[in-house]
Amino acid sequence: MSVILGLLLWSFSLKNGCRESFGVSATSVKMDYMTMAMVRTDPIVTPTPNTLSNHLHTFFGPTVAKSDTSYADLRAATGNTGNVIENQSLYWYPTIYRYHPSTQKYTIADVWFSSAYYVWTTGQATAFPDGFKMIAGGSPHPEKAKAECVTAGSCPNNDCTTLNSFFPATSCAELEISLQFPECWDGVNLDSSDHRSHVEYANNDTELCPSSHPVKIPRIFVFTRLRDYPGGQHLFSDGTGFFHSDYFSGWNATFLQSVLDTCNTASEGPNPDSFCEGYLSFRDAPKTQKEDDQLVAGLQSWQPSPPFDTTTITTEAINNVAVLPGDPTGVLNTLSPTITFNPTRQPSSMSPSQYVPPTPSPTAAPTTTQAGGATAGASLLGMPLVAGAVVLVLAISVPIGLGYLAVKYFCFSSAPAMNFKPPTDAVELVSDDVAVSGGGESFVV
């Protein structure tokens with residue numbers, strides 16, 4: 001029996017990424033934002049100075065959005081729409097539009113607020129190196145994006161026509177759009193030609209990184225919330241129903257590493273009540289879980305003033321327009337005028353499945369005590385009570401201890417990725433009554 005318990009310990013620890021057996025706990029931080037700007041630039045895909053991107057983006061974070069934004073620009077920005085002072089990272093995604101068949105116009109959907117959650121195992125994650133960039137969402141991992149409709153209502157004018165399978169046709173008290181970024185890095189490149197190949201997702205079951213991308217980085221979840229979502233025909237500014245997002249790290253890697261090594265909130269997912277306060281400086285401290293109305297009121301009270309001026313980049317019309325700004329399909333040059341997008345085209349049949357987090361190994365079922373077992377356990381085959389107790393403790397603890405040592409050796413000797421440090425020169429969820437949709441059509445960044 002004791003041998004089986006030891007083996008169970010070993011198996012359970014490996015299943016859970018070599019964490020629980022050593023008292024090492026997952027940690028998460030929730031950081032909230034108002035929208036910073038909506039402008040047709042992309043500092044990752046089109047970083048050439050004075051260049052417009054193919055489609056409109058919604059930005060949140062520090063007040064910089066020019067096409068050739070650099071890491072130094074992020075660090076030097078004096079305004080930030082987020083509530084963590086040390087986080088100068090910039091986030092953006094294709095702007096959300098609603099198409100109105102009656103007027104044949106596109107209007108920008110109102111975003112209530114956004115959040116970035118970082119999730120990691122304390123002491124086993126590597127900080128993003130200075131200037132790190134990545135893109136997530138769309139092909140080949142559309143299942144990492146979700147749209148969750150809280151308290152679904154009816155379709156506007158009883159018209160349930162949709163442009164894709166991601167945005168619900170019905171109204172929602174709140175529509176939460178979320179995306180999980182990869183948490184495994186190749187340990188070398190700050191970016192890659194497709195802005196994706198240098199990162200990869202961990203194995204869903206073991207949470208271990210592939211050998212090609214052995215370095216664990218914080219797992220980022222981006223949430224964007226639309227309050228009083230009206231339903232109808234919605235799409236992203238790239239003309240699709242696929243949610244993708246860009247991340248440009250503006251952290252000081254040394255500072256972030258100290259947070260990843262020391263903060264422990266015992267939170268294993270994107271939870272609304274986990275903050276690492278005391279390690280990070282919050283503009284809306286002290287931190288407690290607040291109602292969203294209260295949270296947004298606090299965010300609005302210290303937004304940059306004046307707000308970021310996008311007319312220094314372009315003065316093109318972006319709202320209530322007959323055509324989506326730019327070149328959503330990527331056919332034209334980035335500086336070409338707008339083109340007509342056909343809102344009636346049929347979406348593909350691809351329908352991504354909802355991401356399902358790994359299921360922990362079940363605990364071993366308790367053994368059944370035989371009749372007279374208490375007497376037999378105490379005397380242990382006729383031995384005196386004290387001697388029997390000592391032998392019983394040793395019989396149970398030794399195999400478990402061996403299992404502990406075996407797991408410890410496996411985790412920290414056979415998995416060097418967990419101890420990797422950055423090179424010095426490399427620089428909520430929704431409540432009950434939820435309708436889930438996902439999908440869309442293939443897209444080009």
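Mentor: One definition to begin: helices are DSSP runs of H or I with at least four residues, strands are DSSP runs of E with at least two, and both are numbered from the N terminus. Also keep in mind that this is a predicted model.

Trainee: Thanks! Where is Arg40 found, then?

Mentor: Arg40 is in the loop between strand S2 and strand S3, which covers residues 57–60.

Trainee: Is Arg40 buried or exposed?

Mentor: Arg40 is buried, because its relative accessibility is 3% and the cut-off for buried is under 20%.

Trainee: Which side chain does the side chain of Arg40 join in a polar contact?

Mentor: That of Glu316, in a polar contact of 2.9 Å. A polar atom of the Arg40 side chain also lies 2.7 Å from the backbone oxygen of Ser53.

Trainee: You mentioned S2. What is the order of the strands in the open sheet of five?

Mentor: The order is S2-S3-S4-S16-S8, and the pairing is antiparallel. S2 (37–39) and S8 (133–137) are the edge strands; each has a single partner, so one side of each has no neighbour in the sheet. From one strand to the next, the twist averages 20 degrees.

Trainee: What holds strands of a sheet together as pairs?

Mentor: Strands pair through backbone hydrogen bonds, in either a parallel or an antiparallel way.

Trainee: How many bridges do S8 and S16 pair over?

Mentor: Five, in the antiparallel sense, with S16 covering residues 244–248. To find one of these on screen, look for Ile135, whose bridge partner in S16 is Asp246.

Trainee: And the open sheet of three strands, what order does that have?

Mentor: There the order is S12-S11-S13, with antiparallel pairing. S12 (199–200) and S13 (215–216) sit at the edges with a single partner strand each, so one side of each is left without a neighbour in the sheet. S11, residues 184–185, pairs with S13 over two bridges. For Cys184, the bridge partner in S13 is Lys216.

Trainee: Switching to helices. Which are the buried residues of helix H4?

Mentor: H4 spans residues 292–300, and its buried residues are Asp292, Leu295, Val296 and Leu299. Looking down the axis of H4, you find them within an arc of 95 degrees, so they line one face of the helix.

Trainee: Why do residues three or four places apart in an α-helix point the same way?

Mentor: Because an α-helix has 3.6 residues a turn.

Trainee: Got it. What covers the buried residues of H4?

Mentor: The cover includes strands S1 (26–33), S7 (113–121) and S10 (172–180).

Trainee: Let me pick a residue in strand S7: where is Tyr117 placed, buried or exposed?

Mentor: Tyr117 is in strand S7, and it counts as buried because its relative accessibility is 0%. The side chain of Tyr117 makes a polar contact of 3.0 Å with the side chain of Arg225. Tyr117 and Val29 are 88 residues apart along the chain, yet 5.5 Å separates their C-alpha atoms.

Trainee: What about phi of Cys276?

Mentor: Phi is near 55 degrees there, a positive value in a residue other than glycine. Cys276 lies in the loop between helix H3 (253–262) and H4, and it counts as buried at 4% relative accessibility. Asn158, not a glycine either, has a positive phi of about 60 degrees. Asn158 is in the loop between S9 and S10 and is exposed, with a relative accessible area of 73%.

Trainee: Last one: what pLDDT does the protein chain average?

Mentor: The average is 78, and 68% of the residues score at least 70. Over residues 331–391 the pLDDT is below 50, although the model gives this stretch 82 contacts beyond near neighbours in sequence. Residues 403–445 also stay under 50, with 121 contacts beyond four places in sequence. Where pLDDT is low, the predicted coordinates should not be read in detail.

Definitions and conventions:
Residues are numbered from 1 along each chain as its sequence is written. This is a predicted model: local features need pLDDT of at least 70, side-chain atom pairs count only at pLDDT 80 or more; totals for chains, interfaces and linings use all residues. Side-chain values use heavy atoms; hydrogens and water are left out. Buried means under 20% relative accessible area, exposed over 50%, partly exposed in between (1.4 Å probe, protein chains only). The arc is that of the directions from the helix axis to the C-beta atoms. Contact means heavy atoms within 4.5 Å. Two strands pair if DSSP finds at least two bridges between them. Axes are lines fitted to C-alpha atoms, for helices over the stretch in contact, and angles run from 0 to 180 degrees between N-to-C directions. pLDDT is the predictor's confidence in each residue, from 0 to 100. A polar contact is a pair of N or O atoms within 3.5 Å; within protein, one must be able to donate a hydrogen and the other to accept it, and residues adjacent in sequence count only if both atoms are side-chain atoms.
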